[in-house]
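Please consult the sequence and the 3D structure while reading.

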Amino acid sequence: MHDPSRQHRAPGFPSPSVREAASMYGTAVAVFLVILVAALQGSVPPENPFPYRIFLDPQGTLELSWNVSYVQEAVYFQLFVRGLKAGLLFGMSDRGELENADLVVLWTNGNSAYFADAWSDRKGQIHLDTQQDYQLLQAQGTPDGLSLLFKRPFGTCDPKDYFIEDGTVHLVYGILEQPFSSLEAINTSGLQTGLQRVQLLKPELPVPTMPADMRTMEIRAPNVLIPGQETTYWCYISELPPGFPRHHIVMYEPIVTKGNEALVHHMEIFQCAGGFESFPHFSGPCDSRMKPNRLNYCRHVLAAWALGAKAFYYPEEAGLPFGGAGSSRFLLLEVHYHNPLKIQGRRDSSGIRLYYTATLRHFDAGILELGLVYTPVMAIPPREPAFVLTGYCTDKCTQLALPAAGIHIFASQLHTHLTGRKVVTVLARDGRELEVVNRDNHYSPHFQEIRMLKKVVSVLPGDVLITSCTYNTEDRKLATVGGFGILEEMCVNYAHYYPQTQLELCKSAVDAGFLQKYFHLVNRFNSEEVCTCPQASVPQQFASVPWNSFSRDVLAALYGFAPISMHCNKSSAVRFQGEWDLQPLPEIISTLEEPTPQCPASQAQHPAGPIVLSIGHGRHWSPEPLPPKAAPLRWILEEVMDSALFSHVSETLAAREAEGDGRALGLPDTGSAAASP
């Protein structure tokens, strides 16, 4: 077990000269990175052990990089802090709040610096965690600040810790402006704080071979003056060249204007409907009154990127078709700017770069829309913390519309409006839920991206796809109905699959006649009447419902048993032939369990308290890198290697130190350049 008072130094080791120490440190860092890459199963090239990167704050002073080890079930973080003052908080919480957060804290009392696993209570007070699961691997001064390297298991079985799972993670941070006498003296309420949303657990997928004739096309909104407000959606119409023939998109990646990495939150490219000969050119806020109404017909997703995501690749056997006969030449780029500091005067020309080929692949990729129909008959009562609505793609529809060999879903984009908190799509066969297509237990409508699935999901004729959305309407006084408006709601999974079929939409809604029976029933048990006359619209009827435990529970029960109207639609928006109204709900006799942390039989031994760091002096840490020590390096290596490997490397390091030979480890001689690795 580590001594909690143990500093990252060992007085028993002789102090080398600055040049010798720098050379030793550079070689050792190279060894450490090799070991780290090996631990990460070779998922990234050795020169980039941290392939995912974001800025946490709008000023770009907090730069986070990370990688994932699925073998160790741990995330490795590298955090660069520029212009460090008196410390910082970093961690995770359910919805991005600093209260009830799982944190790691770096702070100083004016004399010493400390690193510790902590948590905040509902009032924002910081407490030391009795189980130290954030493991510090390295703390190193840089020319302009500090670099921290640490890791955290997915699940720790600590009730104060956040369970890292697939889907969105809300990262939080706080800046300490002054020293604190103790960890418990810190409260988040008086700090400069913020949040970023990312997908931490990226899938480990091989990069497909790219075609030799691949070309690129950049879809950018040129020279946008980012509004000085917290949230802006900017719309820009672009146009393909006249006569642009049919191609396959095989890859796309973001283009973010340098300096705006912390402001560009996510971007999407939509193809406009093919039924219009032209679309008016427009560049402006998507909610502007000047936005042409025809742009509402630009809704077919071609590409989507969000903060922290890298390039998106289609499987080698499939590509997304665009161009050619029947395909609109008009594309809509939507850029979401997140500007919490309301920075003024910033210009931006961000967008998405499409990679495409004229050599069509074996399969066309398609997008299948799952979930709920956009209709007010599906509604969420007000003041609900977690109300669930479910949409179905029934066995009858898949039996009729899918080929005998089925389809293969390789990516997914979940979508709700402002009250959505959780989305999941499950595949069921013969009445039994078999596997999750996509799940996001911490979904945010402000963070939407097309996510590659860790495993391709094959859907056969007769299968059922069930999409459930959980909503929070605690801040609303009236019912929230389904629809296209931002204050209305949706529940959608855009499933990316191949081979493309005629089926484009497979969604459901409760039967409208049964909903009217609900309104009649509410009238029988309440003095306030809901108008059931023909001239009353469904939104008007929901607005007049007296919301109490009876009306809430009966509505939830109605959605759980009443027949549904199925929309089993072709790309022409025409339903497949058949009877689709008053359809019974699919019968599910076996359901999947929610994911839970897997607690190890024996917990790893971690420090019982804060780690004391020797990276600076006085009230503020020195921005100049200090002479490296041998002891911190040995501690780092010991943390990431088993005992036999550590002993071998320690002996080799000792031999290298004695001989002054940079080649003793089989690595190039780093010389004095290693002073700033």
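The model is predicted: local features need pLDDT of at least 70, side-chain atom pairs count only at pLDDT 80 or more, and totals for chains, interfaces and linings use all residues. Residues are numbered from 1 along each chain as its sequence is written, and side-chain values use heavy atoms, without hydrogens and water.

Strand β28 covers residues 407–415; strands (E, at least two residues) are DSSP runs numbered from the N terminus. Eight of its nine residues are buried, so β28 is largely enclosed by the rest of the structure. Buried here means under 20% relative accessible area (1.4 Å probe, protein chains only).

Two strands pair if DSSP finds at least two bridges between them.

| Partner of β28 | Sense | Bridges |
|---|---|---|
| β31 (residues 451–459) | antiparallel | five bridges |
| β34 (residues 492–498) | antiparallel | seven bridges |

Residue I409 stands opposite V457 in β31 and opposite Y497 in β34. Q413 has Y494 of β34 as its bridge partner.

These strands belong to an open sheet of six strands in the order β31-β28-β34-β25-β35-β36, with mixed pairing. At the edges stand β31 and β36 (564–570), each with a single partner strand, so one side of each lacks a neighbour in the sheet. From one strand to the next, the twist averages 25 degrees, with axes being lines fitted to C-alpha atoms and angles running from 0 to 180 degrees between N-to-C directions.

Methods
Buried < 20%, exposed > 50% of the residue type's maximum accessible area, 1.4 Å probe, protein only. Helix = DSSP H or I, 4+ residues; strand = E, 2+ residues; numbered from the N terminus.
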